[in-house]
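Colleague: Could you walk me through this one, beginning with the disulfides?

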Amino acid sequence: MIGVILAALALASGAFSCGVPTYQPNLSRVVGGDDARANSWPWQASLQYSSSGTWRHTCGGTLIATNWVMTAAHCISSSRTYRVYLGKYNLTASEKGSVAATPAKIIVHPNWDSSRVRNDIALIKLAEHVTLSDQIQPACLPQANSILANNFACYVTGWGRLITNGPSPQVLQQGRLLVVDHATCSKSGWWGSTVKTNMVCAGGDGKISSCNGDSGGPLNCKSSGKWEVHGVVSFGSALGCNYYQKPSVFTRVSAFNTWIAEVSDKSCAVALLTT
C-alpha cells in the first residue's frame, strides 16, 4: 500500500505526470553551475519567511503532490511564518503563473537531530491544492531504498550562492553533480563517520556544489525518462561550498519513503490515482 500511496503522491491528474517537465532543462551548460532554463525544473519551490513586512527566500523545496512540498528539517523554525512559492524562476520579478502557497501544517521528521544533522527532512502540507501547469509540476519519488551508483550524474537546483560568501543569484541555478558512493564518501579524507547510509553524497570535485540558500532543494536524477528527487540538500563543508573531497550531502529520499507515506494525506493520494 505504501508503494501505491507514494506513486499517487508523485502523480498528477490531467495531462501532467511527475518528473516530465514541459520545458526540458538545458543540460549542456552546467560546468561551475549556470542559469537554468526557465520553468525546466517545475517542481522547484522557494521556501520564504516573513521579515519586517518582506518575504525572504531561505531554502529550496520540492513539490511532490498538489498539496505537499518536501524540504529539509533544518530549514524550519517554529518562530517564523512561511510561504511556499511555486512556478518561480526569477525571485525578484513578478512572473505570471507563479503561486505563493500558504502552509496548513509543517511536519518535521520526529528523529531530526540538529546537533548531528540526522534525518534532515520535513514535509509541508499546503492549505490548498495548487493547479498544475507548464510551470508547476511534481517530481517523482524514487523506489524505496534505491541507491544511486557511484558517478551517477544528477543535478542540484536552487537559488543558493554560487560561491562561498558570494551574492545570491536572482534566477534559478543548476549544477551537474556526480554521486559519490558511501564507501568513498565515508573515508577519513572525505566526510568520514559524519556521513550515514541514509544520506547521499554528490560532487566533491572542488568546482560545483550546493551552497547557502540551496538547503531543502532537490537532487534531481533521471531514471527511465523521468526525473526523480533522490536527495534533499542537507549540509556542506564549513571550509567552503566547493571544497575538494567534501561533496554536498543530501538526505536520501529513498530511505524515508515509509515516513513520507505515513504523514501524507493518503485519501488525497488515493484520489489522484482514480482521476
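**Disulfides, cores and a cavity**

Colleague: Is the disulfide of Cys185 and Cys201 left-handed or right-handed?

Modeller: The torsion about the S-S bond of Cys185 and Cys201 is about -80°, so this disulfide is left-handed. Cys185 sits in helix 2 (residues 182-185) and Cys201 in strand 11 (residues 199-202), so the pair ties together parts that are 16 residues apart in sequence. Helices (H or I, at least four residues) and strands (E, at least two) are DSSP runs, numbered from the N terminus.

Colleague: Before we go on, what should I keep in mind about the model?

Modeller: The model is predicted, and local features need pLDDT of at least 70, side-chain atom pairs count only at pLDDT 80 or more, while totals for chains, interfaces and linings use all residues. Residues are numbered from 1 along each chain as its sequence is written, and side-chain values use heavy atoms, with hydrogens and water left out.

Colleague: How many disulfides does the count come to?

Modeller: The count is 4 disulfides, a disulfide being a pair of cysteine sulfur atoms within 2.5 Å. One of them joins Cys59 to Cys75, with the sulfur atoms 2.1 Å apart, and this link is left-handed, at -90° about the S-S bond. Cys59 lies in strand 3 and Cys75 in the loop between strand 4 and strand 5, so parts that are 16 residues apart in sequence are tied together.

Colleague: Changing topic, which residues touch the most other members of the largest nonpolar core?

Modeller: Leu63, Met70, Val84, Leu86, Leu126 and Ile260 do, in a core of 41 residues; a nonpolar core is a set of buried Ala, Val, Leu, Ile, Met, Phe, Trp, Tyr and Cys residues joined through side-chain atoms within 4.5 Å. At least two residues of this core come from each of several elements, including strand 2 (44-51), strand 13 (226-235) and helix 3 (257-263). Strand 3 gives the largest share, 4 residues. A separate core of 12 residues has Cys154, Val156, Leu177 and Val200 among its members.

Colleague: What is Met70 in contact with?

Modeller: Leaving aside neighbours within four places in sequence, Met70 is in contact with residues including Ile64, Leu123, Leu141, Val229, Val253 and Ile260, where contact means heavy atoms within 4.5 Å.

Colleague: Where is Asn90, and is Asn90 buried or exposed?

Modeller: Asn90 is in the loop between strand 5 and strand 6 (99-101), and with a relative accessible area of 16% Asn90 is buried. Beyond four places in sequence, Asn90 is in contact with Glu95, Gln170 and Val171.

Colleague: Last topic, how many cavities of 30 Å³ or more are there?

Modeller: The search of the whole structure finds 2, a cavity being a set of points on a 1 Å grid where a 1.4 Å probe fits but cannot get out, with lining residues having an atom within 4 Å of a point.

Terms used:
On a 1 Å grid over the protein atoms alone, a cavity is a set of points where a 1.4 Å probe fits but cannot get out, and a pocket is an open set with protein on both sides within 12 Å along at least five of seven lines; lining residues have an atom within 4 Å of a point. Grid points are joined across faces, edges and corners, and a volume is the space filled by probe spheres set on the points. Buried means under 20% relative accessible area, exposed over 50%, partly exposed in between (1.4 Å probe, protein chains only).
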